[in-house]
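Visitor: I would like to learn how to read the features of a two-chain model. Please take them one at a time.

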Amino acid sequence: MSTAAIADPRAPRTAPRRKGPNLEKWGWIYMRASGVLLVILIFGHLFVNLMLGEGIHGLDFAFVAGKFASPFWQWWDVLMLWLALIHGANGMRTIVNDYVTHDGTRRILVWALWLSAGFLILLGTLVVFTFDPCQGVIESGVMWETCQAQ
Amino acid sequence: MWSWVLHRITGIAIFFFLLVHVLDTALIRVSPEAYNAVIGTYKNPIMGIGEVALVGAVAYHAYNGLRIILVDVWSWATRHQRQLWWGVIGLWLVTMLAFTPRHLMSVFAEIGGGH
């Protein structure tokens, strides 16, 4: 543990940083704005997928294919993906900043958080918008008949 | 303090679930069989109990997050933050009472019956 980072209580006050945008303030605003939207998006997601119809037993390829056929659910899921991963990565960054005292380790962890969030945002967005129910079907598979008919 | 500790713990848990959940949903792009095989594991009774824990974590994090916003922007809420936390717990209980029986009945109905 390093104690050098904590200033002497009687040290002269350092002037606040003036240049550039205050990213921590925007992060604070983002957590609240995205949080409110995520409550609506995730509660809607859980209600439609787990409470309506057969509940969790209704979840399969056909269920998701049906949802992704509609631009409404495509945008619902993509919005949820972006907001949640950025909200989650920023929250994890706060926790890493609080507990990881070694600066090199802290930088690597924060960098890894944004890298994994970025990768999953890219992957998820591509999956939602390039999804084709007849992609990857095999002759013995459940979708073969349907896809041959097209 | 416990409201803050729980907010962190539920946040971390949800973040790690989210990482896995985006990857399992991405299998929809591979093939129907790959997606159904992996999503089938979520219907196992042990996972079913895990899903109750997940929904519990999401509901707490959501309601407590809304309480944090109110405490930040509204001086009445700042003065009554402690009582509001009990409101969060009450709302959480109502949510779990609505969700848990329905979900577990659906999960355990399948045992031995097949699909």
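Guide: Read along the sequence, chain B follows the pattern α-α-α-α-α, with five helices and zero strands. Helices (H or I, at least four residues) and strands (E, at least two) are DSSP runs, numbered from the N terminus. This is a predicted model: local features need pLDDT of at least 70, side-chain atom pairs count only at pLDDT 80 or more, and totals for chains, interfaces and linings use all residues. Residues are numbered from 1 along each chain as its sequence is written, while chains are lettered from A and ligands numbered from 1 in the order in which they are written.

Visitor: What is the secondary structure of chain A?

Guide: Chain A comes to five helices and zero strands, in the pattern α-α-α-α-α.

Visitor: How do I read the radius of gyration, and what is the value for chain A?

Guide: The radius is taken over C-alpha atoms, and the globule rule is 2.2 Å times the number of residues to the power 0.38. Chain A has a radius of gyration of 22 Å, well over the 15 Å that the rule gives for 150 residues, so chain A is more spread out than a compact globule. Its C-alpha atoms fill a box of roughly 80 × 30 × 30 Å along the principal axes. The C-alpha trace of chain B spans about 55 × 30 × 20 Å along its principal axes.

Visitor: How is burial judged, and what percentage of chain B counts as buried?

Guide: A residue is buried if 20 or more other C-beta atoms lie within 10 Å of its own, exposed if 12 or fewer, and partly exposed in between; C-beta atoms are placed from the backbone. In chain B, 20% of the 115 residues count as buried. In chain A, buried residues make up 13% of the 150.

Visitor: Which residues does Ala84(A) touch?

Guide: Two residues are in contact if their C-beta atoms, placed from the backbone, lie within 7 Å. Not counting residues up to four places away in sequence, Ala84(A) touches Leu38(A) and Leu18(B). Leu38(A) lies in helix H1 of chain A and counts as buried, with 22 C-beta neighbours inside 10 Å. With the same exclusion of residues up to four places away, Leu38(A) touches Leu83(A), Ala84(A) and His87(A).

Visitor: How many residues of chain A are in contact with chain B?

Guide: On this criterion, 36 residues of chain A are in contact with 32 residues of chain B. Helix H1 (23-51), helix H2 (61-68), helix H3 (71-99) and helix H4 (103-130) of chain A each supply at least two residues of the side that touches chain B. That side of chain A divides into 22 nonpolar, 11 polar and three charged residues. Here Ala, Val, Leu, Ile, Met, Phe, Trp, Tyr, Cys and Pro count as nonpolar, Asp, Glu, Lys and Arg as charged, and the others, Gly among them, as polar.

Visitor: What is a nonpolar core, and how many residues has the largest?

Guide: A nonpolar core is a set of buried Ala, Val, Leu, Ile, Met, Phe, Trp, Tyr and Cys residues joined through C-beta atoms within 7 Å. The largest has 19 residues, and those with the most contacts inside it are Leu85(A), Ala89(A), Ala117(A), Ala59(B) and Tyr63(B). Apart from it lies another core, of seven residues, among them Val64(A), Val127(A), Leu27(B) and Ile28(B).

Visitor: How is helix packing read, and at what angle do H1(A) and H3(B) cross?

Guide: Two packed helices are described by the angle between their axes and the distance between the axes. Axes are lines fitted to C-alpha atoms, for helices over the stretch in contact, and angles run from 0 to 180 degrees between N-to-C directions. The axes of H1(A) and H3(B) come within 10 Å and cross at roughly 150 degrees. By class, their contact has eight nonpolar, two polar and one charged residues.
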